Amino acid sequence: MSSTSVYSVFLLGFLVFILYSVDKAEGGECCRAHYDANGFRHETMWCSHYCCQDRVRGHSPLYCCSDFFMRAERSDRLDFCSSWFSASSNLWAPVLIAVVIIAILIGCGICCCCIPGFCFCC
């Protein structure tokens, strides 16, 4: 078996692993950090569905919910925030990022040692 076919099988296996490890569609949004009516600060939080607010009670705190009609105003929502990485359902993301970075560094090291001038990183 040639080295290119071994590499192709490894790459295909890696892609299949990634496709089956990650949900088909990652939704959600973040609620901005804010102060409630009592002056308490609420940090930015990631919601798996929607960032919501009870509009009847006026300046109520933001919370996570699955009801589209309770969504907070656009100015109170973010499409993405750093708390997404710390949510328990998203712990795969930092691990995957670390694995990819390590694989790139190892791949560049092997490529530059074995075939100088062949790789983009040499």
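The legends below describe close-up views of the disulfides and a sheet in a predicted model.

**View A. Three disulfides are present in the structure.** One joins Cys31 to Cys51, another joins Cys47 to Cys64, and another joins Cys52 to Cys65. Each pair has its own view below.

**View B. Cys31 and Cys51 form a disulfide.** The distance from S to S is 2.0 Å. This pair links distant parts of the chain, with Cys31 in strand β1 (residues 29-31) and Cys51 in strand β5 (residues 50-52). The two cysteines are 20 residues apart. The torsion about the S-S bond of Cys31 and Cys51 is about 125°, so this disulfide is right-handed. Cys31 is buried, and Cys51 is buried as well.

**View C. Cys47 and Cys64 form a disulfide.** Here the S to S distance is 2.0 Å. Are Cys47 and Cys64 buried or partly exposed? Cys47 counts as buried because its relative accessibility is 0%. Cys64 has 38% relative accessibility, so Cys64 counts as partly exposed. The cut-off needed here is that buried means under 20% relative accessible area, while exposed means over 50%.

**View D. Cys52 and Cys65 form a disulfide.** The sulfur atoms of this pair have an S to S distance of 1.8 Å. Cys52 lies in strand β5 and Cys65 in strand β6, and the pair links distant parts of the chain, 13 residues apart. Which handedness does the disulfide of Cys52 and Cys65 have? The torsion about the S-S bond is about -65°, so the disulfide is left-handed. Both Cys52 and Cys65 are buried.

**View E. Strands β4, β1 and β7 form an open sheet.** The three strands are arranged in the order β4-β1-β7, and their pairing is antiparallel. The edge strands are β4 and β7 (77-78), each of which pairs on one side only. In general, strands of a sheet pair through backbone hydrogen bonds, either parallel or antiparallel.

**View F. Strands β1 and β4 pair within the sheet.** How many bridges join β1 and β4? The two strands pair over three bridges, in the antiparallel sense. Cys31 has Met45 in β4 as its bridge partner.

Note on methods. Residues numbered from 1 in each chain as written. Predicted model: local features only at pLDDT ≥ 70, side-chain atom pairs only at ≥ 80, totals over all residues. Heavy atoms only, no water. Disulfide = S-S within 2.5 Å. Helix = DSSP H or I, 4+ residues; strand = E, 2+ residues; numbered from the N terminus. Buried < 20%, exposed > 50% of the residue type's maximum accessible area, 1.4 Å probe, protein only. Pairing = 2+ DSSP bridges.
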